[in-house]
Amino acid sequence: MARKLKTLLGQNGFVRRDRKGRALFVSDYPARLSPEQQNTQKNSLQEAGFEVVYQDGLALIDWPYAGYHDFFQSLSDKIRSGGLEGRDGLARIFERHPLSFTETMLPDARAALLLWDRGQMERLRIQAGAALAAALRQKTPVPLYYPLLLSETTDQKKEDPLC
């Protein structure tokens, strides 16, 4: 995905993960382009399936809900084809409950995905456990993405890295 963004931006600025977790990626292209060029760039990113928000002179570049949904669906398909052998124990506990992914879960899903992408599995497990406990206590939907990401971490070989 980072390569795709770099191709779309050309020489108009850097692209890196957003360390603050506001989006998947951040770029400084707004500081390098005129307002008209910024609009053109933003439109091309949106046509390529990204959401763009300007904040503090930076472009926060993220997937819309549908992008996250498609990514998690691809993980689900990959896991289903591999069977349940060797699955993470916490992931199996999640799967005992009805799972859901709603637009209100996007900030948490982004944070989980960024932890997964950085390989911070222990932090991901802690966040997942807290999210599961909160969902059960509040009787809200249990997040679908945690068992998917946790199941992928047991393999250690991410064939399709986020970036």
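Let's start at one serine: the backbone nitrogen of Y29 lies 3.2 Å from a polar atom of the S27 side chain.

A word on the model before we go on. It is predicted, so local features need pLDDT of at least 70 and side-chain atom pairs count only at pLDDT 80 or more, while totals for chains, interfaces and linings use all residues. Residues are numbered from 1 along each chain as its sequence is written, and side-chain values use heavy atoms, with hydrogens and water left out.

Back to S27, which sits in strand 2, residues 25–27. Helices (H or I, at least four residues) and strands (E, at least two) are DSSP runs, numbered from the N terminus. S27 is buried, at 0% relative accessible area. Here buried means under 20%, exposed over 50%, and partly exposed in between (1.4 Å probe, protein chains only). Leaving aside residues up to four places away in sequence, S27 touches L9, G13, F14, V15, L58, A59 and I61, where contact means heavy atoms within 4.5 Å.

Stepping back, the protein has eight helices and six strands, which follow one another from the N terminus as α-β-β-α-α-β-β-α-α-β-α-α-β-α. Of its 163 residues, 40% are buried. Among contacts between residues at least 6 apart in sequence, 64% join residues at least 24 apart.

Now for the charged side chains. The structure holds four salt bridges, each a side-chain nitrogen of Lys or Arg within 4 Å of a carboxyl oxygen of Asp or Glu. One of them pairs R17 with D117, with the closest N and O atoms 2.5 Å apart. R17 belongs to strand 1 (residues 15–17) and D117 to helix 6 (residues 106–118), so this pair ties together parts that are 100 residues apart in sequence. R17 is partly exposed at 31%, whereas D117 is buried at 9%.

Another salt bridge joins R22 to D18 at 2.9 Å, N to O. R22 is partly exposed at 25%, and D18 is buried at 2%. R32 and D28 also meet in a salt bridge, at 3.0 Å from N to O. There, R32 counts as exposed at 51%, while D28 counts as buried at 12%.

Methods: A polar contact is a pair of N or O atoms within 3.5 Å; within protein, one must be able to donate a hydrogen and the other to accept it, and residues adjacent in sequence count only if both atoms are side-chain atoms.
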